[in-house]
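This report describes the fold and the side-chain interactions of the model shown below. Please consult the sequence and the structure while reading.

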Amino acid sequence: MPTYVYETIPQFEGEPAKRFEIRQSMKDAPLTQHPDSGQLVRRVPIGGTGLMGASSGASTSSGGSCGTGCGCH
């Protein structure tokens, strides 16, 4: 199961958001409330590379999965 990062949604101006991680199935709906406090939360998108070569324009004839023009070949 993947681990997702969430942060609380501040209720007052100047209140900091608090981040936490939780393990969930990919099939589970995103949380809307903190499991302990009940405070409203949102999922934080964390960077990643995605699926390399998944686009329909990717060329595999150059030896790489990202095609030509990317600078890595």
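## Salt bridges

The structure contains two salt bridges, a salt bridge being a side-chain nitrogen of Lys or Arg within 4 Å of a carboxyl oxygen of Asp or Glu. This is a predicted model, in which local features need pLDDT of at least 70 and side-chain atom pairs count only at pLDDT 80 or more, whereas totals for chains, interfaces and linings use all residues. Residues are numbered from 1 along each chain as its sequence is written, and side-chain values use heavy atoms, with hydrogens and water left out.

Strands are DSSP runs of E with at least two residues, helices are runs of H or I with at least four, and both are numbered from the N terminus. The side chains of Arg 42 and Glu 7 also meet in a salt bridge, at 2.9 Å from N to O. Here the linked parts of the chain are distant: Arg 42 is in strand β3 and Glu 7 in strand β1, 35 residues apart. Through shared partners, the salt bridges join Glu 7, Arg 19 and Arg 42 into one network.

## Exposure of the network

Buried denotes a relative accessible area under 20%, exposed one over 50%, and partly exposed a value in between (1.4 Å probe, protein chains only). Glu 7 is buried, with a relative accessible area of 13%. Arg 19 is exposed at 56%, and Arg 42 is partly exposed at 38%.

## Sheet architecture

The chain has three strands and zero helices, and its elements run β-β-β from the N terminus on. The three strands form an open sheet in the order β2-β1-β3, with antiparallel pairing; two strands pair if DSSP finds at least two bridges between them. Strands β2 (19-23) and β3 (41-43) stand at the edges with a single partner strand each, so one side of each is left without a neighbour in the sheet. From one strand to the next, the twist averages 35 degrees, based on axes fitted as lines to C-alpha atoms, with angles from 0 to 180 degrees between N-to-C directions.

Strand β1 (residues 3-8) pairs with β2 in the antiparallel sense over five bridges.

## A buried glutamine in the loop

Gln 24 lies in the loop between β2 and β3 and counts as buried, at 5% relative accessibility. Its side chain makes a polar contact with the side chain of Tyr 6 at 2.6 Å. A polar contact is a pair of N or O atoms within 3.5 Å; within protein, one must be able to donate a hydrogen and the other to accept it, and residues adjacent in sequence count only if both atoms are side-chain atoms.

Leaving aside neighbours within four places in sequence, Gln 24 is in contact (heavy atoms within 4.5 Å) with Met 1, Pro 2, Tyr 4, Tyr 6, Ala 29, Leu 31 and Arg 43.

## The chain as a whole

Of the 73 residues of the chain, 18% count as buried.
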